[in-house]
Amino acid sequence: MRPLGVKVLGTFSIILGVIGIMGIVGGITMMNATRDMVPPNVDYESYISSLPGTILLGIIVAIISFIIAIAFFSGKPWGRKVIIGLSIFNIVSGVVGLLMQDYKSILRIIISAIILWYTRRPHVIAYFKGF
């Protein structure tokens, strides 16, 4: 039986993937923006030139989020390894962010540490070994 926390984290991953897709669609839509659609205090050229990066970020977020969701819902051993690896990556990148005085990185570190801790719980380990 799938643990509740696994269901919750898998669902959040799907939601994040959908948000990534919305970023892609929004970025593509705004590529066709006219000067009238961009707020007056925003430089039009800078705004339009930043959109390809927004679209790329949306693609990356969506792909990673759906991979994580598949990992959570599949219960296969590789899924737990992917989740642990990404959690460690997020903790390290959060520490780097803190060193660069990005104090919002604390939230990334905390959430990733909780996910890392949760994936090491006996019932979660058993779920991922059960398939």
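This is a predicted model: local features need pLDDT of at least 70, side-chain atom pairs count only at pLDDT 80 or more; totals for chains, interfaces and linings use all residues.
**Exercise 1. Fold and overall dimensions**

Describe the secondary structure of the protein chain, and set its radius of gyration against the value for a compact globule of 131 residues.

*Solution.* The protein chain holds five helices and zero strands, and reading along the sequence therefore gives the pattern α-α-α-α-α, with helices taken as DSSP runs of at least four residues. For the dimensions, the C-alpha trace spans about 55 × 30 × 20 Å along its principal axes. The radius of gyration of the protein chain is 18 Å, whereas a compact globule of 131 residues would have one near 14 Å.

**Exercise 2. Burial, surface and contacts**

What share of the 131 residues counts as buried, and what share of the accessible surface belongs to carbon and sulfur atoms?

*Solution.* Of the 131 residues, 31% count as buried. The accessible surface comes to about 8,500 Å², and 74% of that area belongs to carbon and sulfur atoms. Turning to contacts with a separation of 6 or more, 66% are accounted for by residues 24 or more positions apart.

**Exercise 3. Aromatic pairing**

Which residues form an aromatic pair, and what is its geometry?

*Solution.* The count comes to one aromatic pair. Tyr127 and Phe128 form this pair, with 5.1 Å centre to centre and 75° between the planes. Planes over 60 degrees apart count as edge-to-face, so the pair of Tyr127 and Phe128 is classed as edge-to-face. Both Tyr127 and Phe128 are buried.

Technical notes:
Residues are numbered from 1 along each chain as its sequence is written. Side-chain values use heavy atoms; hydrogens and water are left out. Helices (H or I, at least four residues) and strands (E, at least two) are DSSP runs, numbered from the N terminus. The radius of gyration is taken over C-alpha atoms; the globule rule is 2.2 Å times the number of residues to the power 0.38. Buried means under 20% relative accessible area, exposed over 50%, partly exposed in between (1.4 Å probe, protein chains only). Contact means heavy atoms within 4.5 Å. Accessible areas come from the Shrake-Rupley method with a 1.4 Å probe; for residues, only the protein chains shown count as cover. Rings of Phe, Tyr and Trp (its six-membered ring) pair if their centres lie within 6.5 Å; planes under 30 degrees apart count as stacked, over 60 as edge-to-face and the rest as tilted.
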